[in-house]
Every structure is written in structure tokens, then in C-alpha cells.
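Good morning, and thank you for making time for this presentation.

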Amino acid sequence: MITMDDIIREGHPTLRKIAKDVKLPLTQELVQLAEDMLQFLKNSQDPEIAEKFELRGGVGIAAPQVNVSSRLLAVHVPSSDEESDEPEFSGVLINPKIISHSVQQTCLPDGEGCLSVDREVPGIVPRHKRITVEYYDIDGIKHKERLRGYPAIVVQHEIDHLNGIMFYDRIDPENPLALPDGIDILGA
Ligand code: SB7
Ligand code: NI
């Protein structure tokens, strides 16, 4: 099982590399990694398991964060509706590509955090409000998914990891908390 000890932190060179395309079909090793990454997210969102193994809660994880420089990521965004057990968006995305996006940008009201960053970095992180992402799943099946709002932000954060980009690279260093023109705040 993946724990926080497996997650590399900022300063590690892998986090700044462009990850390599994954060849399909996946090797057994990468199938296992993909399943472990998705399981990590589910574990991290389970209060008992998270406490027992000292996991920080996460809605996404990218392979470079476990020091594997391959274009593979997992997301598990729970439903915003507490009545529902169906996650809002969950799965493993292989060789994901944003094929189109809205002009409209958005950001999270409290900025972003990262499992690979052990400090708070305040600031507005501009993201596309809507994206269309193409990717392959674990079985090598191609998907085209339209995402908006929070799941779209999470997928953009994870795809950034595949390109060696950290969320704070997108914060304006001159004016970290100023809302740029044309950006809305998600949920406001
Ligand atoms: C806030 C948090 C995340 C994505 C977008 C906004 C995920 C944090 C966990 N990760 O470090 C995943 O790379
Ligand atoms: Ni991250």
C-alpha cells in the first residue's frame, strides 16, 4: 500500500521532469501502481484508515509524486452531496490530454495544496473552469470526458505534475491573493 513515505516532496528532481507517455497495454507493474494510487486516495479519505496510517487527505495523485515519471494519474473526488456514495469523478487517467477548455477561468477560494508540499502556499491558482480531457483507462479503453468546477481543477493540478509544474508556479508572485480579471471563485 502507498503511504506518505512513498510520496516525494518538493526539491526532488522527479517533480520537475516531463513524465513519459505510457505504452499500452499497461505492464503488470503499472496496473498495480495505478490501482495502488487510486486505493491511496480512497484510504486517505477514510477517517479511520487515514488516522491509522497518518495519510494526508487527497483527491488526486500523479505517478511522479511516487517517483514514477510516467503519464498516469488517479483522481477520486467524492460527491458534494452527502447523501450519495457515488463519487463525482473517480478513476485512473493514462496519457491524459486536455483537448479543449473554456475561456472562463476559476480558482479555489482557499488556494491549493499538494501532497508533495509540506507547507501552506497562499495564493490564487487560476484554472480553466471547464475542460475536455481525453485519456486511456487501466484497460486501455479511450475516454473523452467533459469536466467542470472542482473535478476539472483537480485534473489540471494532476496533469501539471506530469509536466513538472507545481501549483504555486501559477500564483502571481507580485500579488498572490489578487483575483485576476475574468476569474471567478469556485462556489462563490
Ligand atoms: C487542491 C488539491 C489538489 C488538487 C487541486 C486542488 C490535490 C492535492 C493532492 N495532490 O498533491 C495531488 O497532486
Ligand atoms: Ni499535487
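Let me begin with a definition: a strand here is a DSSP run of at least two residues in state E, and strands are numbered from the N terminus. Please also keep in mind that this is a predicted model. The phi of Asn95 is near 50 degrees, a positive value in a residue other than glycine. Most residues other than glycine have a negative phi. Is Asn95 buried or exposed? Asn95 counts as buried because its relative accessibility is 17%, and the limit for that class is under 20%.

I turn now to the metal. Which residues coordinate the nickel ion, ligand 2? They are Cys114 through SG, His157 through NE2 and His161 through NE2, at 2.1 to 2.4 Å. Along the chain, the donors of this nickel ion follow the spacing C-x42-H-x3-H. The two histidines, His157 and His161, share helix α3, residues 149-162. They are 4 residues apart there, about one turn of the helix. Both His157 and His161 are buried.

The next topic is ligand 1. The residues around ligand 1 include Cys114, His157 and His161, and these three also coordinate the nickel ion. Further residues around ligand 1 are Val59, Gly60, Gln65, Leu108, Glu112, Gly113, Leu115 and Glu158. Which element gives the largest share of this shell? That element is α3, with 3 residues.

Let us consider the polar contacts of ligand 1 individually. A polar side-chain atom of Glu158 is 2.7 Å from an oxygen atom of the ligand. For Gln65, the distance from a side-chain N or O atom to an oxygen atom of ligand 1 is 2.8 Å. For His157, the corresponding distance to an oxygen atom of ligand 1 is 3.2 Å. How much of ligand 1 does the protein bury? Taken alone, ligand 1 exposes 360 Å², and the protein buries 93% of that. The space that ligand 1 takes is the largest pocket.

Glu112, one of the residues around ligand 1, deserves a separate remark. Glu112 belongs to the loop between β4 (105-107) and β5 (127-128). Glu112 is classed as buried because its relative accessible area is 10%. Glu145 is 33 residues from Glu112 in sequence, and their C-alpha atoms are 23 Å apart in space.

Glu54 has a positive phi of about 55 degrees although it is not a glycine. Leu55 and Ser44 are 11 residues apart in sequence, with 5.4 Å between their C-alpha atoms.

Finally, a point about the backbone. Most peptide bonds are trans. The bond from Leu24 to Pro25, however, is cis, with omega near -5 degrees. Pro25 is located in the segment before α1 (28-44).

Technical notes: Residues numbered from 1 in each chain as written. Chains lettered and ligands numbered in written order. Predicted model: local features only at pLDDT ≥ 70, side-chain atom pairs only at ≥ 80, totals over all residues. Heavy atoms only, no water. Donors = N, O, S within 2.8 Å, 3.2 Å for Na, K, Ca; no water. Buried < 20%, exposed > 50% of the residue type's maximum accessible area, 1.4 Å probe, protein only. Near = heavy atom within 4 Å. Polar contact = N/O pair within 3.5 Å; in protein donor to acceptor, adjacent residues only side chain to side chain. Areas by Shrake-Rupley, 256 points an atom, 1.4 Å probe, with all protein chains shown as cover. 1 Å grid on protein atoms, 1.4 Å probe; cavity = no way out; pocket = protein on both sides within 12 Å on 5 of 7 lines; lining within 4 Å. Sits in = over half its atoms within 2 Å of the grid points.
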